[in-house]
Amino acid sequence: MRSGFAFLASLTIALALCPGCAGGGGRSTAGTPAVTPASNFRDVVLSDLDGHPTRLADAVGHQPALISFWAPWCDPCVREQPALQRLSRQVSACGATVVGVAVGETRATINRFVRARRLDFPQLADQDFHLSDALGQRRIPATLVLDANQNVVFTGESLDARAIAALKKAVARDDCAWP
């Protein structure tokens, strides 16, 4: 009985966080944050994959960033990982970064996923939903774009042309190769 309850609780949380995983997909909130992020979201401490505490502001630095919220059980999240990998490699020369934030998962689970797929862009663990709570972010996949001052300039669901356009605008350089 207890394992049945745990399964139902996990399924309920998964469907609440990942509308696309249930086949329905959610509505995009592209262009504007769904909620006003807490001013301290930059100071939320997450864990890098080596277990070191890392503030989001330190992981991003003073450069534009695309942040992808994901989980290994979310099929749309898994499908966009190769595109995030390519984007990370393309924009690093332009002074931007791509950061994955895995929500609700242990570092060990995230490490296995990242190693199996040979992902080399920065990944952070938000196991206890601290960053998600600070941003009012309740769905995955979710994409945020920050400008160089770490202000949220875009929020949407999965990685798409609008997210890339927002990152390109945040970078504001014409000499960069964009996908």
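# Notebook: a predicted protein model

**Entry 1: overall layout.** I counted six helices and seven strands in the protein. Both are DSSP runs, numbered from the N terminus: helices are H or I with at least four residues, strands are E with at least two. The model is predicted, so local features need pLDDT of at least 70, side-chain atom pairs count only at pLDDT 80 or more, and totals for chains, interfaces and linings use all residues. Residues are numbered from 1 along each chain as its sequence is written, and side-chain values use heavy atoms, with hydrogens and water left out.

I then read along the sequence. The pattern is α-β-β-α-β-α-β-α-β-α-β-β-α.

Entry 2: I looked up how much of the protein is buried. Of its 179 residues, 46% are buried. Buried means under 20% relative accessible area, exposed means over 50%, and partly exposed is in between (1.4 Å probe, protein chains only). The accessible surface comes to about 9200 Å². Carbon and sulfur atoms hold 53% of that surface. These areas come from the Shrake-Rupley method with a 1.4 Å probe; for residues, only the protein chains shown count as cover.

I also checked contacts, meaning heavy atoms within 4.5 Å. Among those between residues at least 6 apart in sequence, 68% join residues at least 24 apart.

**Entry 3: the sheet.** I traced an open sheet of seven strands with mixed pairing. Its order is S2-S1-S5-S4-S3-S6-S7. S2 and S7 (152–156) stand at the edges, each with a single partner strand, so one side of each has no neighbour in the sheet. The twist averages 30° from one strand to the next. Strands pair if DSSP finds at least two bridges between them. I found S3 and S4 running parallel, joined by six bridges. Serine 68 has glycine 100 in S4 as its bridge partner.

**Entry 4: helix H4.** Which residues of H4 (residues 107–117) are buried? I noted Ile110, Asn111, Phe113 and Val114. They sit on the same side of H4 because they cover an arc of only 165° around the axis. The arc is that of the directions from the helix axis to the C-beta atoms. The face turned away from the buried side carries the exposed residues Arg115 and Ala116.

Next I asked what covers the buried residues of H4. The cover includes strand S3 (65–70), helix H3 (75–92), strand S4 (97–103) and strand S5 (123–126). H4 lies across S1 (45–48), S3, S4 and S5, and runs at about 150° to S5. Axes are lines fitted to C-alpha atoms, for helices over the stretch in contact; angles run from 0 to 180 degrees between N-to-C directions. After H4 comes arginine 118, with a positive phi near 55°.

**Entry 5: helix H6.** I followed H6 (residues 161–171) across S3, S6 (142–146) and S7. H6 runs at about 15° to S6.

**Entry 6: threonine 54.** I found threonine 54 in strand S2 (residues 53–55). Threonine 54 counts as buried because its relative accessibility is 13%. A polar atom of its side chain lies 3.2 Å from the backbone oxygen of histidine 52. Leaving aside neighbours within four places in sequence, threonine 54 has contacts that include Val44, Asp48 and Leu124.

**Entry 7: leucine 131.** Leucine 131 is in helix H5 (residues 130–135). Is leucine 131 buried or exposed? It counts as buried, because its relative accessibility is 0%. Not counting residues up to four places away, leucine 131 touches residues including Phe41, Phe69 and Val101.

Technical notes: A polar contact is a pair of N or O atoms within 3.5 Å; within protein, one must be able to donate a hydrogen and the other to accept it, and residues adjacent in sequence count only if both atoms are side-chain atoms.
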